[in-house]
Structure formats: structure tokens, C-alpha cells
Amino acid sequence: MKYKLIIIFFNIFMLFSFLTLFFMPITIFEFGYVTEFWLNNWFLPLIFFAIILIINLFFIFNWPIINYTKTGNWDGVSTVLEKRIYEKRFITYSNIRLLVYSYFLLGKENKIKTLGKYIKEKKKSVYNKTFLMFCCANLISDSNDDLQDYFEEAVNNKDLKGMDWILINYAFVLISAKEYDKALEVLKKIEKVKHNPILELTSLYFMFIASHKEDQENINLIKENFIKKINAAKFEKRFDIEKGDIHILFLSKIINQAKKWAYGTSVT
């Protein structure tokens with residue numbers, strides 16, 4: 001009911017705004033001038049009502065998803081999105097993101113992997129943008145050897161978006177296999193850490209784990225400089241913004257460990 005009221009009030013507001021805009025010139029200019037103005041700008045009302053129509057169509061099209069989401073019915077959400085993607089071939093970033101999120105909440109990792117293979121086959125450009133969304137399913141279910149092959153192929157694919165986080169995932173796999181030297185080589189390839197404190201600290205934490213004791217002192221010095229620049233509250237705020245992304249949510253336990261290592265506190 002709340003969403004219906006929002007739509008109703010939106011339409012009333014837009015209509016009222018249009019009428020105000022339409023009749024306001026009458027209070028300023030003569031009626032003849034107003035008539036001439038609207039005859040010369042007849043397309044403006046069409047544009048105005050086209051915008052209202054598009055917004056209403058958007059709500060109507062997504063109404064089942066809105067209803068299922070507000071009640072927490074993720075099975076319902078996934079059913080609607082599966083029909084859109086697999087049957088209607090309506091493959092968009094937002095549809096894929098919400099479907100992966102639904103599968104993640106439902107614990108259906110195999111379906112995430114199946115979706116990833118399908119998107120890669122049907123719409124490679126979208127797959128390149130959404131690759132990170134599918135990593136969590138592979139990290140949960142694949143063997144370490146398979147994961148190393150999976151991420152090695154990924155880091156050699158320059159078309160994939162979010163390469164720094166792909167490298168973080170690859171380093172995590174290598175550290176899990178105790179291949180520390182190789183993990184350090186992978187971490188050295190990360191370039192954009194200065195623009196993202198979550199990525200920077202996670203990378204630094206992995207470097208600390210993978211390094212020899214004599215090198216860990218230098219990393220501790222870098223850590224001290226990091227926490228002077230980014231305090232715990234600032235880090236927490238940035239993490240709250242980014243944990244809406246599935247790959248960040250999946251790594252939240254590791255990010256929690258990294259923050260505890262740096263600040264002595266946990267990410268909430």
C-alpha cells in the first residue's frame with residue numbers, strides 16, 4: 001500500500017506542477033501572448049506527459065519485484081527475474097545484480113554459477129561488467145586448483161571490470177593454498193588501492209599474511225600511516241557504502257579481520 005500511495009501522490013504532484021506551469025503565464029502576460037507561446041511550444045506538454053508515462057510504466061513493469069522485495073520473498077523475486085533473463089532475454093546489469101543477490105540470500109550458489117555461464121554465452125559485454133558478482137559462488141563451491149585456474153584466466157582478461165578486486169580474490173585463493181610468494185606477485189599488480197581504503201587495507205592485510213617476518217615490519221609501518229590517514233570511523237563509513245556490492249559482502253569476514261588487525265576493532 002505504501003508504494004501505491006507514493007505512485008498516486010507522485011502523479012498528483014506532477015499533474016499539479018504541470019497545471020501551475022501551464023496557467024502561471026496568464027497571471028503575468030496577456031492571454032493572447034500565452035496562447036501564442038503554447039502554440040509555438042506545443043511539444044513541451046508532450047515531453048512532460050511522456051516522462052510521467054515512462055515512470056509509471058517502470059513501476060508497473062517492476063511491480064511484482066517491488067512487492068516480493070518488500071515482503072522478503074526472494075524466491076518470488078528470483079522467479080520473476082529468471083523469466084525475464086532466460087525466457088525474454090532481458091539481460092541488464094540491474095536484473096542480473098538483483099537475481100544474484102536473491103540467489104545469494106537463498107544459498108543457491110550453483111544457480112549463480114549457471115547464470116554466470118549463461119550471461120557469458122549470451123551477452124559477453126554485460127558479463128564483463130558483472131564478473132565480480134559471480135566470484136562468490138565459485139569461491140564457495142570450487143576446489144582450490146579450479147579456483148586458481150578460474151582467476152588466472154580472469155586476470156588475463158583485460159575486458160573484465162573491477163580487476164583490482166579480482167586480484168584480491170585471486171590472492172585470497174593463493175594464500176588459502178599457502179602459495180605466499182605467488183600471492184605477493186598478484187598483490188603487486190593492484191594499482192588503484194589509493195582510491196579505495198577498503199581495497200587498500202585488504203590488500204595490505206593479505207601482504208602481511210603472505211610476507212616473511214622480516215618484511216612484516218615494513219608492512220606494519222605502512223599500516224600505521226594508513227590508520228593515520230583513515231581512522232576507524234571513516235573506514236567504517238566507507239565500508240557501509242560499499243557492502244551493498246555482493247563481492248564486498250562476501251569478503252566482509254576478511255575485511256573484518258583486516259580492520260581488527262589495523263585498528264583492533266571489528267567491522268559491524
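Leaving aside its neighbours within four places in sequence, which residues is K120 in contact with? The first view takes this up; like the other views, it shows a predicted model.

View 1. K120 sits in helix 7, and the contacts in question are with Y127 and E153, once neighbours within four places in sequence are set aside. With a relative accessible area of 35%, K120 is partly exposed.

**View 2. I119 in the largest nonpolar core.** This core has 67 residues, and I119 is among those that touch the most other members, together with I96, L115, F134 and F151. Helix 8, spanning residues 124-141, gives the most to the core, with 10 residues. Skipping residues up to four places away in sequence, I119 touches I85, I91, I96, K124, V126, Y127 and F134. As a general point, nonpolar side chains in soluble globular proteins tend to be buried together.

**View 3. Helix 6 and its buried side.** Helix 6 runs over residues 93-106, which makes 14 residues. From first C-alpha to last, helix 6 reaches 20 Å, close to the 20 Å expected at 1.5 Å a residue. Which residues of helix 6 are buried? They are N95, I96, L99, V100, S102 and Y103. These residues lie on the same side of helix 6 because they cover an arc of only 160° around the axis. The buried residues of helix 6 pack against helix 5 (74-87), helix 7 (109-122), helix 8 and helix 15 (246-250). Just past the end of helix 6, look for G107, which takes a positive phi of about 70°.

**View 4. C135 and C136, two cysteines without a disulfide.** How many disulfides does the model have? The count comes to zero, with a pair of cysteine sulfur atoms needing to be within 2.5 Å to qualify. For C135, the nearest cysteine sulfur is that of C136, 7.6 Å away, and C135 is in no disulfide.

Conventions: Residues are numbered from 1 along each chain as its sequence is written. This is a predicted model: local features need pLDDT of at least 70, side-chain atom pairs count only at pLDDT 80 or more; totals for chains, interfaces and linings use all residues. Side-chain values use heavy atoms; hydrogens and water are left out. A nonpolar core is a set of buried Ala, Val, Leu, Ile, Met, Phe, Trp, Tyr and Cys residues joined through side-chain atoms within 4.5 Å. Buried means under 20% relative accessible area, exposed over 50%, partly exposed in between (1.4 Å probe, protein chains only). Helices (H or I, at least four residues) and strands (E, at least two) are DSSP runs, numbered from the N terminus. Contact means heavy atoms within 4.5 Å. The expected span of a helix is 1.5 Å times one less than its number of residues. The arc is that of the directions from the helix axis to the C-beta atoms.
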